[in-house]
Amino acid sequence: MDIKYFKELLIERKEQILKNLDATRSELADLQNTEINDDGDYASLCTDNMIERAIQDQQQKELIEIEEALKKIDEGEYGICEMCGEPIKPLRLKIKPFAKYCIICREIVEKEPKK
Ligand SMILES: [Zn+2]
């Protein structure tokens, strides 16, 4: 498997997320500095804010997963399913380079009721 390729993919994605998070952060800061007089504006600002925050949360989670994947590359454990220990298919890693599980285990994890 071409580890170098996936490492580059992960680093690229990481940089993209960091950039996005930075942009979102300054947007949120701008919003907080804006004076709001109109109730309608305020409501729409709040909704935007919530969506932004949800995206931010999602990206932050992805960032952690990317960091973990990069650590695995250094440790020589990248691309191994955490559940069954089988190699994850490169095709899957191309779509989701920070995947932790193979497709079969992923399905099991997703079906498991949340505790
Ligand atoms: Zn597995």
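**Exercise 1.** Are Cys81 and Cys102 buried or exposed?

*Solution.* Start with the ground rules: this is a predicted model, where local features need pLDDT of at least 70, side-chain atom pairs count only at pLDDT 80 or more, and totals for chains, interfaces and linings use all residues. Numbering runs from 1 along each chain as its sequence is written, and side-chain values use heavy atoms, leaving out hydrogens and water. Now apply the cut-offs: buried is under 20% relative accessible area, exposed is over 50%, and partly exposed is in between (1.4 Å probe, protein chains only). Cys81 and Cys102 both come out buried.

**Exercise 2.** Work out which atoms hold the zinc ion, and with what geometry.

*Solution.* First, collect the donors (N, O and S atoms within 2.8 Å of the metal, or 3.2 Å for Na, K and Ca; water is not among the atoms, so sites may look incomplete). You get the SG atoms of Cys81, Cys84, Cys102 and Cys105, at 2.3 Å. Next, check the angles: they span 104 to 117°, so the site is tetrahedral (four donors, all angles between 85 and 135 degrees). Finally, read the spacing along the chain: C-x2-C-x17-C-x2-C. Cys81 sits in the loop between helix 2 (39-75) and helix 3 (90-95), and Cys102 in the loop between helix 3 and helix 4 (103-111), so the pair ties together parts 21 residues apart in sequence. Helices here are DSSP runs (H or I, at least four residues), numbered from the N terminus.

Notes. Tetrahedral: all angles 85-135°; square planar, octahedral: opposite > 155°, others 65-115°. Helix = DSSP H or I, 4+ residues; strand = E, 2+ residues; numbered from the N terminus.
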